[in-house]
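Please look through the sequence and the model below.

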Amino acid sequence: MPLRFTAQDMRNGHPMMMGYNTDMYYTKIGNQVLKILSKYPDKELLDQVTMFRIAEKLALYFEDIICDLGIWSSFVKKHQELYGKPLPFYKTEGEYYADEPHLCDIQYLIWDTLTECSEDTITNPENPGIKRLAADFYLLLDEEFENAPINEELKQFFEQASFLNDYIKLRDMLHWVFDGNYLVSSMTHENACVETLLNEVETYLEMEYNDPRAEYAAFTQCYFKFKVGPLALYPKEWLAMILRYNGQEKGVKKVEQITYHNYDLYRLEKFDKERIYLCDSDNMHFSIRKDDYGDMLDDTLRETDGCIAAFVYYDGEWHPNGMDAWNKFEDSHNAIREYKRRYRTGISKGTFKKLMKKSGGSPLFFFRDGEELHRFSIEEMGVPEHLLQPSELDSEEYITMWMPSYDKDFFLMPDSALGIKDPRNPYYDAERASESLQAMIFSPTGAPADMLEYLESHQMIPDAGMNHYLGKEDGQRLIHENLDFIVRTMRRENY
């Protein structure tokens, strides 16, 4: 059965899933894209999920630039600010206008979709097949450009931004950024984020993993907790950029001031007719409106001493976010505070200074295997041997330690020493370096962004590259010219 793009699919890409009179026109565009894709011979590269996603992105991109919604324009502006050019990978010819279709825009959107659908691997943006497809789609959009209808209602929706007056509607907009915006959302990323938070919710709220309430609780945290692509910005940052483009400076300030407090144990201090007063485990005192909890009775509050919950600060008020649990937690309040008081990241300042002297000021340390790392931990870092727990790294090889500061957690990555060309690193292997660097750069759990920035600025990863039909040097050029963007795109919340 041939793929079909429907008016409902257009609505799914709109804020609040709203439908408009122009939806059928842009649905037609989506189906014309699918028709072109159906003739493409490489069905391994373009499975049905990928083809549908390309059609969806191009239809919504076209509506965006026709209606001047500001989604694509905000991306281009931010990329220009970060990197001094409108787009990654592709050169723009002549003067670039973000409210007109461009071949390079379409190439980027195809590349982004292929990378999104390929699970932790990156597609070569200069793949000739991408350019051929983009040329066909460009002819379609260029021919339709002058006659495409403007969705005035959707444009007014962003200009008026009435959703800013209500926290729940504002949260729905952040949901759209996270889950529905054609440029920002990613199916694989969303699933990973929700999976992570389902485990957290299960722990905090003692809900079954398959409880629909647990999924709701997880999803509502995602909009505030995780960065989204392609520039690894929080949903509130994306929304602020779109609002600024549409002249909503007051709204921008409201959105930029959003503060999120993760699930924690909050002590109930008191309550009155209008407000509930709470204190978190870091001793921050705040209050919430009682009517945020609907018909919660005073008797219920009298029977509890706190709650496990998450909260969001927006427009001068704290709001409960997602599911919560009110109960008597008794000594747990003090136990959590004591744990936080005792726990700290990093190492002592004195130990850090000693290590920096040993490394000549470099934050990098290299180990042949887990046994050598174990000895280093005891002899150089001063960790008592009885405190060292068995680790997966015990059986690994060619480990790199990244220690940029004494007051932060350090990072350990096996096999990475093979790819780092540092005079102090005896394990660098030019023949195996490229493979080693693939995991360091492209994996969502690879080397931290600040480590990669250090390695690149010190010319320690010359072998970083991707497969390229023109040869090794062109694959390396693409990585080194766009390294930070690639890391942002692949890492998102881990950037």
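Three residues form the hairpin link between strands E1 and E2; strands here are DSSP runs of at least two residues marked E, and helices are runs of at least four marked H or I, numbered from the N terminus. E1 (residues 259–271) and E2 (residues 275–279) are antiparallel, with four bridges between them, and Leu268 lies opposite Leu278 in E2. E1 also runs antiparallel to E4 (residues 306–314), joined by seven bridges. In that pairing His261 faces Phe311 in E4. Strands count as paired if DSSP finds at least two bridges between them.

This is a predicted model, in which local features need pLDDT of at least 70 and side-chain atom pairs pLDDT 80 or more, while totals for chains, interfaces and linings use all residues. Residues are numbered from 1 along each chain as its sequence is written, and side-chain values use heavy atoms, without hydrogens or water.

Among the helices, H3 (residues 48–67) and H5 (residues 103–116) have axes that come within 10 Å and cross at roughly 145 degrees; axes are lines fitted to C-alpha atoms over the stretch in contact, with angles from 0 to 180 degrees between N-to-C directions. Residues of H3 that meet H5 include Ile54, Leu58 and Tyr61, contact meaning heavy atoms within 4.5 Å.

The largest nonpolar core has 126 residues. Such a core is a set of buried Ala, Val, Leu, Ile, Met, Phe, Trp, Tyr and Cys residues joined through side-chain atoms within 4.5 Å, where buried means under 20% relative accessible area (1.4 Å probe, protein chains only). H3 supplies its largest share, 11 residues. Trp72, Phe75, Ile441 and Leu455 have the most contacts inside the core.

Terms used: Buried means under 20% relative accessible area, exposed over 50%, partly exposed in between (1.4 Å probe, protein chains only).
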